[in-house]
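Colleague: I've got this one open on my screen and I'd like to learn how to read it. Can you walk me through it?

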Amino acid sequence: MISTGPKPKVLHLGNVDHAQAAWSALGELAELVESAASNRAEFIQECKDGKLDGVVAIYRTIGSVVQTGLVDEELLNVLPSSLRYIAHCGAGYDQVDVHACSARNPPVRVSNVPTAVDDATADVNMFLILGALRNFNTGMNALREGKWRGQPAPPLGHDPRGKVLGILGMGGIGRNLKKKAEAFGMKVIYHNRRKLSDEMSAGAQYVSFDELLSTSDVVSLNLPLNVSDFHFQKKTKYTLTLTSLKKNTRHIIGKAEFAKMKDGVVVVNTARGAVMDEAALVHALDSGKVFSAGLDVFEEEPRIHPGLLSNQNVILVPHMGTWTSETMLAMEEWTIGNIRMALEVGKLKSPVPEQADL
Ligand SMILES: O=CC(=O)O
């Protein structure tokens, strides 16, 4: 808790594009500082030169990975010793090594943005389900090429009504999606680390992972890319792969899982690309095992697997799940709210689950 003396410093990594009022108001409580770095090497040097000393909290966006790279052990080793909080402006915080944050002495507490992202992400999820079931991509591309529906016309799509939607990961987005899918007449089953209370699951049937795979007409991936107990292996400055096989969700859907699915299944992902083995998806699409797919996220963003780009049965969205002004505003305000609460009462509003007991 900080109440007297000079204002604590808050470092801003990435943009505050919408919540300027909340950000300015935070300025009454804290000194808002910026980094002059344009890449990770410069950022590390800035830290080593003591230019960010005194920073207590960091506001960071997903896009700030271009400036700093991943928040991993290497970065945590040079970030100022005054740092206590990282408020991440996003639901998925796989860019932040929470275990390395917890291991620092004293720990760096991390928050994310649940809830505020649910509606917009579930909307895109439903758009992808409908687009993939109806195979709209083929006709839409043909139309732009001046070929009306194309020659031959795309195969007939499928109605959502009466189809089984298997939601893997029944968090806020999964539960929001359930309501939307039910309005389209889908029957919802789910698998989650823990079975939800009757109130939370609201009639969705809990099934085992294998049962979800084998009985769903549409499989929707709504689980976090889980970064517990493993090491980052940087692939590009934007992405990472996770190397340990323990307790993580990387490639939770791969060759073996596709084999267990119904023939002609539809697969949709708005979570993180790396929860699914993209090469295995391409293979399953090519073989006809998967009828169509709807993807908002990719393993190595912004790179897209060529087998997805060339496949007309895949509807592709460039990670726009939360891309609305209302949701962006809500996310930024939520993130600033986390910093404000940390400075005022010494606690984050929405700590990440891994640090719930810290
Ligand atoms: O991908 C978007 C988010 O994690 O909020």
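Colleague: Let's take β4 and β5. How many bridges join β4 to β5, and do they run parallel or antiparallel?

Modeller: Strands count as paired once there are at least two bridges between them. In this predicted model, 3 bridges join β4 to β5 (residues 109-111), and the two run parallel.

Colleague: Are the residues of β4 buried or exposed?

Modeller: For burial, the cut-off is under 20% relative accessible area. In β4 (residues 85-89), 5 of 5 residues are buried. Tyr85, Ala87 and Cys89 point one way, while Ile86 and His88 point the other way.

Colleague: Now the ligand. Which residues surround it?

Modeller: Start with the shell, then look for polar contacts. Ile62, Gly90, Ala91, Gly92, Arg272, His319 and Met331 surround the ligand; by class that's 3 nonpolar, 3 polar and 1 charged. A backbone N or O atom of Ala91 sits 2.7 Å from a ligand oxygen, and a polar backbone atom of Gly92 is also 2.7 Å from a ligand oxygen. From the side chain of Arg272, an N or O atom lies 2.8 Å from an oxygen of the ligand.

Colleague: How much of the ligand does the protein bury?

Modeller: Taken alone, the ligand exposes 190 Å², and the protein buries 89% of that.

Terms used:
Residues numbered from 1 in each chain as written. Predicted model: local features only at pLDDT ≥ 70, side-chain atom pairs only at ≥ 80, totals over all residues. Heavy atoms only, no water. Near = heavy atom within 4 Å. Polar contact = N/O pair within 3.5 Å; in protein donor to acceptor, adjacent residues only side chain to side chain. Areas by Shrake-Rupley, 256 points an atom, 1.4 Å probe, with all protein chains shown as cover. Nonpolar A, V, L, I, M, F, W, Y, C, P; charged D, E, K, R; others polar. Buried < 20%, exposed > 50% of the residue type's maximum accessible area, 1.4 Å probe, protein only. Helix = DSSP H or I, 4+ residues; strand = E, 2+ residues; numbered from the N terminus.
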